[in-house]
Each structure stands twice: as structure tokens, then as C-alpha cells.
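Good morning, colleagues. Please have the sequence and the model open before you.

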Amino acid sequence: ASVPPARLDTEGPAQILSGVQGPRPRPILPRRTDDSGGADLAAPAIRILETLVLKGPNFWSYRPSVWMRIDLGPFRDRPTSSIPGFEERLVELMPSLEDHHCSEGRKGGFLSRVRDGTWLGHVAEHVAIEAQNLVDIPVSFGRTRETKAPGVYNLVYEMEEERVGVRAGKLALDVVEWCAGEDLSLELAERRFNLLITDLCL
């Protein structure tokens, strides 16, 4: 497995908001609802502890971004390399992730990180970015860093439109849970994923 992302002392909104200029970010209600029209989803294993929309230059970036503090829960000690079939399911759902360079600086670099082992928060970052790309929103920036609390991460990614940006993050967490689930129905996951992507366009 790869080395976990570097820890930062920044844990919550007080530190992040100190770098925000302009209107105070709006808190967003936490996940989760089932947008697929199917049965209710089980309670999420990965929890969103807090979400803020950062509309101007902020601690993380000069670009408008969504910040989520997430708890990986049962996946806090499980990198992607330890989850059988994770990469295959992820690529089946989002083949366009092949275009993400990540820190490798080359096409396929992100999936190489997934293969070698990275944390699910990092995967969610890339999925949230790609979900927006798929609806023609050209964003690219993202950061995921562990806080002082084990398994709790700051997840930050660029957005252009607030509603789409926040929903992309929630979708991303659903995707990584589907891909990590041993009892995953890929057909159901694909159906829900396609419906959620369609919803981002509305």
C-alpha cells in the first residue's frame, strides 16, 4: 500500500474559514437520500461530518471549492489495494478516470495509485471532479488530507455551480462505497450512478 496522505493540523471550519474572503460559506445538510427511485439505501459507512461551500479564495485554493470533512469509518485502515476488485469496479463505473494524472503526472497515474493502494477519501476526490467533468463542468483541482483524528479527512475539490458541486461529492462517496462493498451489485450501482449523473445535469 502507498503511504497515507500527509497529515495537516487543519481539522475544521474555523481554520479553513480564516482563509476565505467574501461571503461566509453556506453549510450544507449531510447525506444521504436515494435518488435512484429504488429502495432506501443503507446508512452510509463513510460519514460526512461537515460540508461547506467555499465561494472565493480560501485556505485550500483560489478557486471556488467544496470542503467536506469525512470519516472513513470501517475503511479507515483499508487502502484500495486491500479491497479485492475495487479498481475493476471503479473503472467499470467511471472509465474516464483513466485520464486523471494525479501526482504521477501522466495519463493513468491516478488508477496506478489506486492499484498500488490509496485511501478512499482520495478516490472520492477524483470521482467528485470527474462527475462534474462528465456534465461538462471543466474542474480539475482537488486535495485530500488526513486530520489529527485517525480516519477523518479534509476532502476538497473544485466546483463551478454550488448545487452540482455538493451533489458530486455525495455521489463520489456513494461510488467508493459501492466499489468497496463485497456484496456490490454492479448492475444496480451502474443504474444508480447513471441516474445520479443525469440528475447533475438538471
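Is Glu87 buried or exposed? In this predicted model, Glu87 counts as buried, because its relative accessibility is 17% and the cut-off for buried is under 20%.

The side chain of Glu87 meets that of Arg115 in a salt bridge, at 2.8 Å from N to O. Glu87 belongs to helix 2 and Arg115 to helix 3, so this pair ties together parts that lie 28 residues apart in sequence. Arg115, at 47% relative accessibility, counts as partly exposed.

The buried residues are Gly109, Phe110, Leu111, Ser112, Arg113 and Val114. What do they pack against? Their partners are helix 2, residues 86-93, and helix 4, residues 120-133. After helix 3 comes Gly117, which has a positive phi, near 120°.

I turn now to the other salt bridges. The count for the chain comes to six. As a general point, side chains of opposite charge can pair when their charged atoms come close.

One of the six is formed by Lys55 and Glu162, with the closest N and O atoms 3.3 Å apart. Where do these two residues lie? Lys55 sits in the loop between strand 1 (47-54) and strand 2 (65-71), whereas Glu162 is in helix 5 (residues 162-180). The pair therefore links distant parts of the chain, 107 residues apart. Lys55 is partly exposed, at 44% relative accessibility, while Glu162 is buried, at 17% relative accessible area.

A further bridge joins the side chains of Asp71 and Arg76, at 3.0 Å from N to O. Asp71 is buried, its relative accessible area being 8%. Arg76, at 32% relative accessibility, counts as partly exposed. Through salt bridges that share partners, Arg47, Asp71 and Arg76 are joined into one network.

Next, the packing of helix 4 and helix 5. How do their axes meet? The two axes come within 8 Å and cross at roughly 130°. The helices are therefore oblique to each other, and their crossing is right-handed. On the helix 4 side, the contact is made by Leu120, Val123, Ala124, Val127, Ala128, Ala131 and Gln132. To read that list, recall that an α-helix has 3.6 residues a turn, so residues three or four places apart point the same way. Helix 5 contributes residues including Val164, Gly165, Ala168, Ala172, Val176 and Ala180.

Finally, the chain as a whole. Its secondary structure comes to six helices and four strands, and along the sequence the pattern reads α-β-β-α-α-α-β-β-α-α. Of the 202 residues in the chain, 51% are buried. Among contacts with a separation of 6 or more, 69% are between residues 24 or more positions apart. The accessible surface comes to about 9400 Å², and carbon and sulfur atoms account for 50% of that area.

Thank you for your attention.

How values were computed
Residues are numbered from 1 along each chain as its sequence is written. This is a predicted model: local features need pLDDT of at least 70, side-chain atom pairs count only at pLDDT 80 or more; totals for chains, interfaces and linings use all residues. Side-chain values use heavy atoms; hydrogens and water are left out. Buried means under 20% relative accessible area, exposed over 50%, partly exposed in between (1.4 Å probe, protein chains only). Contact means heavy atoms within 4.5 Å. Accessible areas come from the Shrake-Rupley method with a 1.4 Å probe; for residues, only the protein chains shown count as cover. A salt bridge is a side-chain nitrogen of Lys or Arg within 4 Å of a carboxyl oxygen of Asp or Glu. Axes are lines fitted to C-alpha atoms, for helices over the stretch in contact, and angles run from 0 to 180 degrees between N-to-C directions. Angles under 35 degrees count as roughly parallel, over 145 as roughly antiparallel, 65 to 115 as roughly perpendicular and the rest as oblique. A crossing is left-handed if the near helix is turned anticlockwise from the far one by less than a right angle, and right-handed if clockwise.
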